[in-house]
Amino acid sequence: MVIIYFNNEQKEDLQFLQELSFEVGSKIVQVSIDFFKGNYNPKLLQNVSTKLNLPQLKVERCVYGLSYLFTESSKLSLSKSDFLESINAISPTKEIEECLLESYQKNREEMRRILSEMSLKLPSIDSLQWRLDVQISSRRTSNEAKPVYLLKLKTSDNRTVWFQADYNELESITNQLEIALKESKSQHYKRIKKYIK
Amino acid sequence: MELSKTNLNSLSLLKKIPKSVHQELLSLIFGVLLQQADETEIEKSQSLKQIDSTLLKEVFSGLITIVIQAVKANLNAKSLAQFLKDTSAPAEFAGLLVTAYGKTFQKIKEIHLETTGFYLKKLIDINWRMDYIIKSNKIEQIDKPVYFIDLNLQKKDGQIEKLKFSCDTNQLQDLVTTLKDAVLAKKSLK
């Protein structure tokens with residue numbers, strides 16, 4: 001069982017939710033979800049606090065606290081019971097509890113997707129385009145018919161690399177990559193996957 | 001090295017340019033060749049501005065041509081020094097030119113010749129590695145395989161460049177399908 005730990009400061013910030021009505025509380029939860037998805041708008045926070053007649057600093061800190069809650073729970077992929085156990089620490093009202101759980105469950109996949117985008121990774125392949133040409137002649141030779149592949153590889157960091165390859169190389173590379181792909185279906189891989197879980 | 005008479009003439013014209021300006025002229029020439037400066041530098045320099053513009057133009061273009069031709073002919077600093085000895089270039093200037101050339105000709109070669117040549121890098125080898133991602137500091141329970149692919153590309157001068165990228169199983173599947181199509185295309189030729 002995995003639970004999130006809140007420090008005293010965070011507990012205080014989140015207990016602010018207790019003082020609010022359900023409507024107000026759920027609005028703040030919504031703001032923190034948007035905040036997490038990248039729609040952070042300080043003006044919005046200002047508007048929300050004035051409209052709800054609440055001190056802006058408290059609202060802001062509550063939003064930060066909720067972001068922490070959602071970040072950690074998505075990161076650890078908490079189950080329903082673990083999530084509820086974690087938010088017990090801030091003793092929310094039944095309605096707020098339900099609201100938080102619902103927001104978590106609804107948005108978990110997307111939040112995990114955002115987190116994995118932020119994680120460490122090498123540039124990945126976007127696309128590979130190829131063209132087959134036949135080299136007929138050049139300054140040094142003529143009357144030849146050599147097949148030549150022209151390839152363009154695009155990676156996710158917006159790099160485009162052009163290169164050429166002859167048939168034999170391309171065939172051997174295709175074979176190598178097929179072997180690599182077969183690895184993901186091998187016994188060894190399945191065993192490791194089982195043990196890690 | 002093929003150089004026209006006018007280009008070689010520019011070397012003798014150097015005598016008309018004061019020695020104090022030679023170093024600055026050289027810095028300008030190599031700056032332009034390394035794409036770090038352009039001709040507007042002439043306006044900014046007090047000493048270069050004072051030289052007659054026709055003379056400056058001829059010397060400038062002559063020297064740039066000489067350097068580029070030297071790079072094209074793959075001359076090293078020593079060979080260039082040898083070549084300059086047989087011309088009407090003032091000895092001190094030739095020395096400065098050869099020193100600057102020695103430091104920069106590899107870079108000039110890369111910048112200019114690779115962008116105008118027909119030769120693309122050639123694929124010669126591949127390395128791959130399959131990992132299983134468990135977790136990161138941002139997200140836990142990832143549990144997915146990832147492939148790291150390393151392509152070796154060879155340039156015309158024999159240097160090998162490595163092209164590295166990662167992909168997941170689906171992307172690798174797409175890649176293999178694309179490559180298989182490419183290989184099949186050739187089979188239908190002959």
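**Note on the interface between chains A and B**

1. Chain B and chain A bury about 4,600 Å² between them, and 71% of that area lies on carbon and sulfur atoms. The model is a predicted one. The size of an interface is often given as the accessible area lost when the parts come together.

2. Counted by residues, the interface brings 46 residues of chain B into contact with 47 residues of chain A.

3. A salt bridge joins Lys180(B) to Glu178(A), where the closest N and O atoms are 2.6 Å apart.

4. Which elements of chain B supply at least two residues each to the side that touches chain A? They are strand 1 (121-133), strand 2 (144-154), strand 3 (160-167) and helix 8 (169-187). Helix 8 of chain B gives the most to this side, with 15 residues.

5. The make-up of that side of chain B can be stated by residue class: 27 of its residues are nonpolar, 11 are charged and 8 are polar.

6. Strand pairing also crosses from one chain to the other. Strand 3 of chain A (residues 160-166) is joined to strand 1 of chain B by 2 bridges, and the two strands run parallel. Phe163(A) has Lys121(B), in strand 1 of chain B, as its bridge partner.

Key:
Residues numbered from 1 in each chain as written. Chains lettered and ligands numbered in written order. Predicted model: local features only at pLDDT ≥ 70, side-chain atom pairs only at ≥ 80, totals over all residues. Heavy atoms only, no water. Contact = heavy atoms within 4.5 Å. Buried area = accessible area lost by both parts, 1.4 Å probe. Salt bridge = Lys/Arg side-chain N within 4 Å of Asp/Glu carboxyl O. Helix = DSSP H or I, 4+ residues; strand = E, 2+ residues; numbered from the N terminus. Nonpolar A, V, L, I, M, F, W, Y, C, P; charged D, E, K, R; others polar. Pairing = 2+ DSSP bridges.
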